[in-house]
Amino acid sequence: MSFLDKFPSNPSPEETLAQLQRFLGRNSSLQPASSSAMSNNKGIKGKIKKSTIPEELSMQDLTHLGMWLIRHLPVSRDSVFEFISSTYSQFVKEYIIQQQGNVSSCTDDDLKLLDDIHEAFLTFLKANGEIWAPILSTWTLHLLGQLSKDYSHQIAFTHGAQLQNVNDTIRFWMGSKAIQSLMDLTARCLTCRDHANADTFISALIDTSTIHSPRFDWVVAHVGNTYPQTIVSQVLNLGFQHFSVNSPMASVKLNSVRAILEHLVGTHAKEVQQAFDQTIQQGLTDNSLNMVILYVMTMCSNSMPLLDVLMDTVFPRLNEETLLKLRTIVPKWIQIHFGGREVAAVALVTHLIMKSSRGPRALEILMKGCKEWVPPIGIYARTLLDHFIAEASSMFYGSDSPRKGLATNFPAFPAMKDNSSIIINFLTDTDPQIARAAKQFVKILSMYDGAAVGVKAICHYLNHSTDDVHRWHMVDLIAMLEMKYSNLLTDTLQILAIRSSNSDKAKISDKLRKWDNILKLVKSERETKIKLPIRQKMSVVLQENLWILTPLMDVRKLGFCLDEAGIVIEILSKLPELKNNSKFGTRLALQRHLVEFLFKVLALPASSNPTQKVKNVTNVSKLLYELAENPAIQNDSLRSLVQYSLYPECKQLFMKRVIGNPKLNYSAFDYDCIDPTGSGHSDNEFQRGKFSMYVSLMEENQSRSSVLNIAGSHATTFHSGKLLKNGIKNWSAMPKVVITENEDAYLNFELFLYVLMNVCMAVPSGGNVGEGFDVGLSVKDVGQVVSVEAMKKVALLLVEIVSPDVMFNGLPWPEEEFSKVQVERDLQIRRAFEDHPYLWDLLELVANHCPSLCYCSVLLRALMATLMAHWTSCQEAPAKNSPNQLEWTIRLLQIMRTGQLIPPPLCYIGQVVHELKSHEVLALLKDVWSYMKMNIPVPTIFIRKDAKSNRFIRNPEFSKVDVIYTEKLRLAILNNIDRLGYLYPKLFPVQQTVKISVNFQPILMKFCPELIAATSSRALIWPPKASNGL
């Protein structure tokens, strides 16, 4: 302090008294300046009257003298503080004048004087803080209180609209340099390390606050940042003293306490929470302080920041023990503070929840308490919950405030939106009151902030609903929200599908529950007895958004769930007119996924759940039937079904015996060589000699003819192995054969045929029923029979897939010798039938729907050519020695008979070949070949059975068989008359009269009595001609 150097550093008593007289003499003339004097003088100094004593002191010298006296003469402190207080007051006044828009008379010299005062006090604190801190803090606090009181009205008049809270008030006051100086001195006193006793300061602060409150609240709030815990506790106690006695100043004091704590809670929320916790603990333990809890609730009711802190303090204490204590305290509150009106107390708690952003957490505690708390407390919780619902509904539906204003006045609304999951979790609660309350909150929030909360709620209902009560709550919610949000169900469906695709690790039961609920909702919409109050039906939404569900049925997708896809397919099967509200591309993708899903279902063992397996196949069949009404989709469906059935990984579904080693390829004849019982061999032992693909060709040739090796001649060896770098592959080193029985082969194929037939029975759209349908038939009648056009496509697909060549696939049968040119193709076709035995069943299916078998002519030719080649190689042997080839021959002839390609009696050859020799079978097959060559199997030889029928039969005009094709058959029967005589009169009815020798009659009587009985009254007709039928 350089200005103190002009005064004695160690003055004598006489020097000190003289300086005091100088100060008092000058100070005694200090009076408020008149308006004229203020107008004629400039600055702060000109506003103080000049002294009448001879010595003239400037304002700066007088201030310096006062600072010297306050240090060296303690008795003069009151006078010096009074003088300095007037100086600070004049600076504040000039600041307010400046804020009002007027010109301030404060100069730079005046501001320098303020700096000198501030510097002097800081020097005193630094030199002896233990003494000066209490003195200066008391003076600064009283001066701040006086200044706040003196200028509060003037500030409120000019700046009241801008000063809405304590923070605004602090910013306004701290704009004055004089106030900054006083607040800095106050803070230095508190932070002075030598000032150990802070109670004196706190006492002075509270006393001043009591005198000048609420104008002094901004000082308390600002200073409270230094000692927040002490300030908060003292402020709370001060407010409670007025509240407990219900004094006239109680409301004013509550506002002051609230304003101070609001300012402190921003930076010292932890200290405020601790003070609240201590106060509540005192109220619960001390009977004399029961009202303190109500005091804190009332004080925080209009302060959102304090209310959030109070909620955070109360939530951990909400247990049964605390609530039982409150049960004894609350009646006193109602009697004393609310005039005996219990509703007022409930309204206060409801108001606290609505005003707090912790509203969702409070609701969660209430809803849990309704079930968990003991009956008296639980009943109170239910009452409070009902009151809160009513209050929230009234505020939302009855408020004229816009959405933004509602969020500002009641923070619980935006808080519940941001924490909607807390409320949504109670939608499926077992307690009906809680479930209804949660649904009502969801309605309010959805109306308040859009459809997002409603969509989440519906997703929760679908994911967790386990009874019809919850589903009806969901229906009610949809009916309420769909009036405002038309895409509510569409958005819900998209979210469910996306979550299903991404939730690979979710439990199967959780993934299925939502689709099961949707299925029940769709079924309810179809029932006429139950009328749902929903305008936009779930079935319509599913039809319009079929593309959302299609990926769930993709078996190739990672995380595919078969059970989930099964329920989704069942849902789609319940939808009416699926084809009308979806795009063609979506339906085509759905059809392909359905075919893939079908084979996935067929691969499941029926023993696990046969009913579910059949149910899934039935649903797939129904959907494919409906989708196949589009001709393009029908074509693709048939192609996919036939093609998939012949894939290597799918063929084992329809075969009774399956080889476990996929690297080994066996034919159907090899299966017959396998001993399923394993008799004579160890289990799964590889038996090389029993399999045609492992028999040595050289050994086979040597067994049929003698071989003489001549020296010097070339020897050629044919082998069935594979040439490798190290030589011929050793077949004996192949892994063991593992044969497993497929018990579901028959069921799988029956289900496959069921689906295939349903696709073939689909009625093409647009009224065009297609080729082969009678235009006189109704659509309903046509839908019950198989489309001939569809079955024709199946036949063409079989030819396309099975036949490896595109040439010579026509309908005509060539000369028998020409078949040698096509031997490779014929062998490949035969191999296909060996690898896929169920191709015979598909051929039989085609044969049952004339004239579709005509288009499979190439397959029939190939099979017959290979069979004829076999019978040629074993002329004298009985046909029974080749059971597999004999079975194939009989089945081929039976299929041609069913398809009406060969008329009687040729169609009955299959009934006699088992008793014939190989050369006789060959001769009969050549007759059939010759007949087919001369009578080309074309669809034009078939006519309708009747005018209104969809069945076709062979035209009788093309059913006559020339005797040249039946003579060998007749002779073969005669050669085996002892075994086949009973068939003769059926195959060759008597038409010509011939004289039978007496020697031949006993033979006929013995082996063919039917023939003699038929001609007992006349001569025998011999030889008979071919007839048109039996």
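Which residue forms a salt bridge with Glu-815? The partner is Lys-933, with the closest N and O atoms 3.0 Å apart; a salt bridge here is a side-chain nitrogen of Lys or Arg within 4 Å of a carboxyl oxygen of Asp or Glu. This is a predicted model, where local features need pLDDT of at least 70, side-chain atom pairs count only at pLDDT 80 or more, and totals for chains, interfaces and linings use all residues. Residues are numbered from 1 along each chain as its sequence is written, and side-chain values use heavy atoms, leaving out hydrogens and water.

- Lys-933 sits in helix α44 (residues 918-934) and Glu-815 in the loop between α39 and α40, so their pairing ties together parts 118 residues apart in sequence.
- Helices are DSSP runs (H or I, at least four residues), numbered from the N terminus.
- Another salt bridge joins Glu-570 and Lys-615 (3.2 Å, N to O).
- Glu-570 belongs to helix α30 and Lys-615 to helix α32, 45 residues apart.
- Glu-570 is buried at 7% relative accessible area, while Lys-615 is partly exposed at 34% (buried means under 20%, exposed over 50%, partly exposed in between, with a 1.4 Å probe and protein chains only).
- Arg-830, Arg-831, Glu-834 and Asp-835 are linked in a salt-bridge network.

**Nonpolar core**
- The largest nonpolar core has 292 residues, and Phe-121 and Phe-276 touch the most other members.
- Such a core is a set of buried Ala, Val, Leu, Ile, Met, Phe, Trp, Tyr and Cys residues joined through side-chain atoms within 4.5 Å.

Technical notes
Helices (H or I, at least four residues) and strands (E, at least two) are DSSP runs, numbered from the N terminus.
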